[in-house]
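Please go through them with the model open alongside.

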Amino acid sequence: MPNQHYIPAAFIAGFSDDVRTQPPRERVVTVMRSGRTFVTKAGRVAYRSNLYTLKNPNSIFVSKAGTDPNIVDHSWKRGESGLPQAIAEVATSDTQGLKAQTWLNVVVPFVAQLFVRGPEFEHRYRERLARTFGDRDDVPIPTIPDHINAIRLMEWVRIEYGLLLAEWTVLHNRSDHPYITNDVGYFPIKWNEDATGPSFFVPLRTDVAVLITPAGTPSVLELSGEQWMVATSEHLHATDPAGVIPLNGCIVASCNNEVYGPRAEVLTTASANVPTPQTISLEPYSLAIASPAESQSRVVRVSDLIRSEPTRSGIQLFDLAVWRNA
């Protein structure tokens with residue numbers, strides 16, 4: 001029975017103080033679970049047995065040669081392959097730029113995966129259908145795990161396209177207080193009062209994160225010499241822990257069960273700064289385009305969800321005064 005990670009071990013390893021041990025999954029991280037902290041290897045958290053294993057793959061995917069029951073788990077390799085190197089490139093993108101190949105082939109696919117890989121996806125998907133269609137008999141709510149896993153892949157593609165149309169801001173942590181992550185990998189945040197809706201904050205490593213804003217100004221690519229580069233990402237820098245600790249508090253608030261970081265005191269500080277009311281995870285499907293068949297593709301605004309669902313208003317507002325442009 002294979003253990004299948006919904007947050008890759010090599011990614012969690014980026015939140016360790018250890019940067020040398022190979023492979024990265026062997027690096028030690030500190031975990032907070034139910035208020036208790038302990039240390040373990042990155043490869044020993046954020047997994048479930050057979051989470052993506054198909055029981056009857058040929059009923060879902062048609063192939064003359066038959067289908068591997070682990071095809072869903074293997075699909076995640078497109079975003080995981082070369083991930084530590086890609087994140088390192090994002091971390092230095094304010095001075096060295098970000099290759100379009102890295103962004104398109106690794107960073108965007110991986111971030112899109114975070115929205116569909118978690119165990120909570122099944123519950124979120126069923127809730128969305130029930131909320132949208134009610135008790136209509138012609139819209140059955142999927143209950144078979146194989147169907148849910150096939151839907152993960154379809155949602156992944158839709159959200160990935162939405163991410164390509166979203167605005168990306170790179171947040172460089174130059175303070176002595178590291179970012180942390182959790183078993184979800186992101187949380188919604190309203191960055192300032194001028195924002196029409198929340199963005200999604202995704203910490204990538206202790207020293208770098210991305211802020212993704214649906215329906216913002218999309219990134220464009222430009223040719224620099226013989227290399228295509230991502231041209232329009234904005235870069236913000238924090239040199240004061242005051243720009244990091246509140247974000248870490250939201251990471252604690254938005255976790256399912258666990259939070260990961262380099263040291264116990266960092267997680268304890270984050271736990272002491274959990275916002276009130278707690279941040280509630282909006283449906284990441286809002287990042288996806290309305291329909292691939294539309295003549296004019298558009299991104300569904302997260303703000304539409306907030307207006308129609310006032311109970312989901314626990315989005316934290318952060319002051320940009322603690323951040324500065326490069």
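**Notes on the model**

1. Strand E12 (residues 234–238) is mostly covered, with four of its five residues buried. Buried here means under 20% relative accessible area, exposed means over 50%, and partly exposed is in between (1.4 Å probe, protein chains only). Helices (H or I, at least four residues) and strands (E, at least two) are DSSP runs, numbered from the N terminus. E12 pairs with strand E5 (residues 167–173) in the parallel sense, over five bridges; two strands pair if DSSP finds at least two bridges between them. Histidine 172 has histidine 237, in E12, as its bridge partner.

2. The model is predicted: local features need pLDDT of at least 70, side-chain atom pairs count only at pLDDT 80 or more, and totals for chains, interfaces and linings use all residues. Residues are numbered from 1 along each chain as its sequence is written, and side-chain values use heavy atoms, with hydrogens and water left out.

3. For the overall picture, the protein has eleven helices and 14 strands. Of its 326 residues, 50% are buried. Among contacts with a separation of 6 or more, 74% come from residues 24 or more positions apart, where contact means heavy atoms within 4.5 Å.

4. Helix H6 (residues 100–114) deserves a look. Its 15 residues should span 21 Å at 1.5 Å a residue, and its end C-alpha atoms are 20 Å apart, which agrees. The expected span is 1.5 Å times one less than the number of residues. The helix bends by about 30 degrees at valine 107, and proline 109 follows within four residues. The bend is the angle between axes fitted to the seven residues ending at a position and the seven starting there.

5. How many of the 15 residues of H6 are buried? Twelve are, so the helix is largely enclosed by the rest of the structure. Among them are Trp103, Val107, Pro109, Phe110 and Leu114.

6. Valine 111 is found in H6 and counts as buried because its relative accessibility is 1%. Leaving aside residues up to four places away in sequence, valine 111 touches Leu163, Trp168, Val202 and Ile212. Valine 111 and glutamate 160 are 49 residues apart in sequence, and their C-alpha atoms are 8.0 Å apart in space.

7. The whole structure holds eleven aromatic pairs. Rings of Phe, Tyr and Trp (its six-membered ring) pair if their centres lie within 6.5 Å; planes under 30 degrees apart count as stacked, over 60 as edge-to-face and the rest as tilted. One of the pairs is phenylalanine 115 with tyrosine 186, edge-to-face at 4.5 Å centre to centre and 65 degrees between the planes. Phenylalanine 115 lies in the loop between H6 and helix H7 (121–133), and tyrosine 186 in the loop between strand E6 (181–182) and strand E7 (187–189), so the pair ties together parts that are 71 residues apart in sequence. Both phenylalanine 115 and tyrosine 186 are buried. Ring pairs also link Phe11, Phe15 and Phe110 into a cluster.

8. Threonine 206 is found in the loop between strand E8 (199–205) and strand E9 (208–213). With a relative accessible area of 18%, threonine 206 is buried. Its contacts, not counting residues up to four places away in sequence, are Gly14, Phe15, Asn173, Pro178 and Tyr179.

9. In helix H10 (residues 264–271), Val266, Leu267 and Ala270 are buried. Seen down the axis of H10, its buried residues fall within an arc of 95 degrees, so they line one face of the helix. The arc is that of the directions from the helix axis to the C-beta atoms. Strand E2 (28–33), helix H9 (245–253) and strand E13 (258–261) are included in what covers these buried residues.

10. Most residues other than glycine have a negative phi, and most peptide bonds are trans. A cis peptide bond, with omega about -5 degrees, joins glutamine 22 and proline 23; proline 23 lies in the loop between helix H1 (9–12) and E2. Alanine 46 has a positive phi near 60 degrees and is buried, with a relative accessible area of 3%. Asparagine 50 also has a positive phi, about 55 degrees, but is partly exposed at 25% relative accessibility.
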